[in-house]
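Reader: I would like to go through this model with a few questions on annotated positions and packing. Please show it first.

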Amino acid sequence: RLEQRYSERSLIAGCTLAKKLFILMEKKQSNLCIAVDASNSRDLIRLVEETGEQAAVIKTHYDGIVDWNENTERQLVTLSKRLNFIILEDRKFSDIGNTVRLQMQGVRKWADAVTMHSIAGPGFIPVSSKPVFLVAQLSSAGNLITSEYTRATIEFGENYAQNVVGVVCQDGDFLKFPGLIQLTPGVSVDKGVDAIDQQYTTPEEAVLVKGGDLIVIGRAITTSFNPKLKSEDILAVAALKRALITAKRRV
Ligand code: UP6
C-alpha cells in the first residue's frame, strides 16, 4: 500500500474540484461530509450553520426541502464561503443526457458538485456543467449493484477524471486511482440499520477498513441533541485524525 497525503493526491487528480477538495480536507483537517437531510429551509440552514465548520462537504437533497427557494440557495452559498465547505447536491442523476441536462438547471446556481448514477452510460460525464461523484456502490440492503457494475463505474471515473471528483463507494479495494476521492455513506456512531434499508458502519471502519476518504454522516449528527457537538466529537475520533494524515490507496 502506498501512502499519500491528500495534498499529494491533489496533484494527481484530474478534476479541478477534486484538487481543491483534497487541499481543503487537509487544511481543514476534516474528512467529514455531512448529509443535511432536513425537510425545510429553516432546518437546513440552521444545521449547516451549526455543523458547516466541521465539514469538508455539505451534502444536500434539495428536492426533499418543501420550501426550497432562491433565498435558501443564497444562504447556503454564503455559508459555504464563510465556513469553507463544498456543496454537493446528491441528486443521483440517472437519465439520458438530454434529460439530465434539463434537470441540472435546478442546481446550476448553487451546487459545487453533483452525484450521478452510471447506469445510463458515460455520455453525459464529459459535457456535464458540474463536477460529479459517480455512484459505484450503494449502502442499502438488497441493492442490485454487482461488482462488475462497480468496476465499470470506476473505470468511467478514471476515463473522465477531468469531470469526476470521485466515487460513492463502500469497498475501497475497487478504487486504484488515487486522484479520485472515495465518498462512503452509511456511517453512524454505531453499526446497525435504520427503519428501512440503510446499513451503518462506524466512522473508524468506514475510513480504515472500507477506505473512505470522505465519510458521509447524516442523521447520526443531524438528529442528535447537539449537532455541533456531535460533529466535533465524530471528527475528533482518533482513527479519523490518523487517516487524514495519510490516506491509504492501493496502487
Ligand atoms: N446515501 C446513502 N447510501 C448510498 C448513497 N447515498 O445513504 O449508497 C446518502 C443518502 C443520505 C445519506 O441519500 O443522504 O447518504 C446518508 O444519511 P444517513 O447517515 O442519515 O443514513
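Reader: Where is Gln198 found?

Author: The model is predicted. UniProt, in an unreviewed entry, lists Gln198 under "binding site". As for its place in the chain, Gln198 is in the loop between strand 9 (192–193) and strand 10 (199–200).

Reader: Does Gln198 count as buried or partly exposed?

Author: Leaving aside neighbours within four places in sequence, Gln198 is in contact with Ser139, Ser140, Gly186 and Val193. Ser139 is also listed by UniProt under "binding site". A buried residue needs 20 or more other C-beta atoms within 10 Å. Gln198 has 17 such neighbours, so the residue counts as partly exposed.

Reader: How many other C-beta atoms lie within 10 Å of Lys59?

Author: Lys59, another position in the UniProt "binding site" list, lies in strand 3. Not counting residues up to four places away in sequence, Lys59 touches Cys33, Ile34, Ala35, Val36, Leu88, Asp90 and Val216. The threshold for buried is 20 or more. Lys59 is buried, and the number of other C-beta atoms within 10 Å is 25.

Reader: Which elements do the buried residues of helix 3 pack against?

Author: In helix 3 (residues 41–51), the buried residues are Leu44, Leu47, Val48 and Thr51. They are on the same side of helix 3, because their arc around the axis is only 100°. Their packing partners are strand 2 (32–35), strand 3 (57–60), helix 4 (70–83), helix 8 (219–222) and helix 9 (227–235).

Conventions: Residues numbered from 1 in each chain as written. Predicted model: local features only at pLDDT ≥ 70, side-chain atom pairs only at ≥ 80, totals over all residues. Buried ≥ 20, exposed ≤ 12 C-beta atoms within 10 Å, placed from the backbone. Helix = DSSP H or I, 4+ residues; strand = E, 2+ residues; numbered from the N terminus. Arc of directions from axis to C-beta. Contact = placed C-beta atoms within 7 Å. UniProt positions renumbered as here; feature names shortened; annotations may be inferred.
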